[in-house]
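Let's take a friendly walk through a protein model. Keep the picture in view and look for each residue as it comes up.

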Amino acid sequence: MHVGIVGAGMIGSTVGRLLAEAGHQVRFASRHPEQLTTLVAEVGSNAAAATVSDAVRFCDAILFAVPLRAWPTLAQDVGPDLVGKTVLDTSNPYENRDGVLARTVTDGGGTGVYLSALLPGVGIVRAFNTIYYKTLQSEAHRAGDKVAIPMAGDDAQTLATAAGLVRDAGFEPVFVGPLRDAHRFDVGTSVYNKALTAAELRRALDLPAV
């Protein structure tokens, strides 16, 4: 697939690298794509740098690894171009970084509810927001039971696409529920920043066993 990574920091660069290694064509995007030269060279021939708008137009699926406070501007700039694409979001509400927006989002039902209102008609999946980037680096494709990535979304096809990318990156997707349930694995919850297996995650969130 053509996969965009908007925000090439710790999470974005890690997941993008794993997806490029799996054979996907990855476009790393930021406000300053000229600063991504070293990352792209390290990742190899499946990677390129792009502007945010170019990555959104080029890619079938886009992972946004950006601060929550960046979303209002992004929604204005590229929101309409995200319709029909798979959008994976990793942002979390941190008051020390995102200010009053973080409290508004948390009190309003969580990040999933906020994004669904901000981006109507867009197939959003909450994923890759709970695991530390160094854990993603070290535990991808591990032998035995893989680390679980909790996911929430409202569209079955979008969720299926996102789940495939989670598996390609070396993890096990676990569907928690619709976007309104994404708060169950937002920052501050009992499963946040824990490298759990799928069975452990389902027990922790009281989800049906598979």
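Start at F171, which touches L18, F128, L136, E139, A140, K146, V147, I149 and V166, leaving aside residues up to four places away in sequence (a contact means heavy atoms within 4.5 Å). This is a predicted model, in which local features need pLDDT of at least 70 and side-chain atom pairs count only at pLDDT 80 or more, while totals for chains, interfaces and linings use all residues. Residues are numbered from 1 along each chain as its sequence is written, and side-chain values use heavy atoms, with hydrogens and water left out.

F171 is also among the residues with the most contacts inside the largest nonpolar core, which has 35 residues. Such a core is a set of buried Ala, Val, Leu, Ile, Met, Phe, Trp, Tyr and Cys residues joined through side-chain atoms within 4.5 Å; buried means under 20% relative accessible area, exposed over 50%, and partly exposed in between (1.4 Å probe, protein chains only). Helix α9 gives the most to this core, with six residues. (Helices, H or I with at least four residues, and strands, E with at least two, are DSSP runs numbered from the N terminus.)

Now find strands β7 (residues 148-153) and β8 (residues 172-177), which pair in the parallel sense over five bridges; pairing requires that DSSP finds at least two bridges between the strands. Here I149 stands opposite P173 in β8.

Finally, look at the loop between α8 (133-139) and β7, where H141 is found. H141 has a positive phi of about 60° although it is not a glycine, and its relative accessible area of 47% makes H141 partly exposed.
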